[in-house]
Amino acid sequence: MQTFKVPVGISNRHVHLSEEHIEVLFGAGHQLTRTKDLSQPGQFACEETVTLVGPKGTMANIRVLGPARKATQVELAATDTFKLGVKPPVRDSGDLSETPGLELVGPAGKVQIEAGTIIAARHIHMTPEDAEKYGLKDGDHVKVQVTGPRAGVFERVLIRVNPNYALDMHVDTDEGNAFGLKNGDLLDVIIE
């Protein structure tokens, strides 16, 4: 059994928007306003927020992340889904087939997406060099050990490999809270 350390990043609910939907929600020609760089190179939190409208309720001030994507995607924690009244599956980012839609409301307009709402699968970003070093490949799954007062093991953590990634594990707020984690905590990846 081999192990290595990975920093954890706790991902709050957020939205990735297509160029088309940025213009509908915020106005023609609108460019996203970067407020903070995220752990993955080129990814950033934006000043812009939207309101999500589901069958049972709404959630305001949902942060938009940039840059723009090919398809609009809403990423929620499981607890968020009860307030909105949707039942999204746990999915890898970008795998949006057969997922529920929502209405997104911005200052300039609204968009009804027919699909695109997910609970993001826990995953580890790494470069091809990291993957080679640890004997892993894109799509593999590993376990991740958490120590401390709320110790436990994350099972089936997806490995995502790309030259543009930085080594980082992403979990949602439900998972982070359940294990008592904070951003930057170092966890042990277990390769069996």
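1. In this predicted model, Lys143 counts as partly exposed because its relative accessibility is 25%, where partly exposed lies between buried (under 20% relative accessible area) and exposed (over 50%), for a 1.4 Å probe and protein chains only. Glu155 falls in the partly exposed class too, with a relative accessible area of 40%.

2. The side chains of Glu155 and Lys143 meet in a salt bridge with an N to O distance of 3.9 Å, the criterion being a side-chain nitrogen of Lys or Arg within 4 Å of a carboxyl oxygen of Asp or Glu. Glu155 belongs to strand 13 (residues 152–161) and Lys143 to strand 12 (residues 141–146), and the pair, 12 residues apart, is a link between distant parts of the chain. Through salt bridges with shared partners, Lys143, Glu155 and Glu192 are joined into one network.

3. The structure holds 10 salt bridges in total, and among them is the pair formed by Arg13 and Asp80, whose closest N and O atoms are 2.9 Å apart. Arg13 sits in the loop between strand 1 and strand 2, whereas Asp80 is in helix 2 (residues 78–84), so that distant parts of the chain, 67 residues apart, are linked by this pair; helices (H or I, at least four residues) and strands (E, at least two) are DSSP runs numbered from the N terminus.

4. Because Arg122 lies in the loop between strand 10 (117–120) and strand 11, and Glu175 in helix 4 (residues 173–178), the pair ties together parts that are 53 residues apart in sequence. Arg122 counts as partly exposed because its relative accessibility is 25%, whereas Glu175, with a relative accessibility of 14%, counts as buried.

5. On the basis of these values, residues are numbered from 1 along each chain as its sequence is written, and side-chain values use heavy atoms, with hydrogens and water left out. As the model is predicted, local features need pLDDT of at least 70 and side-chain atom pairs count only at pLDDT 80 or more, while totals for chains, interfaces and linings use all residues.
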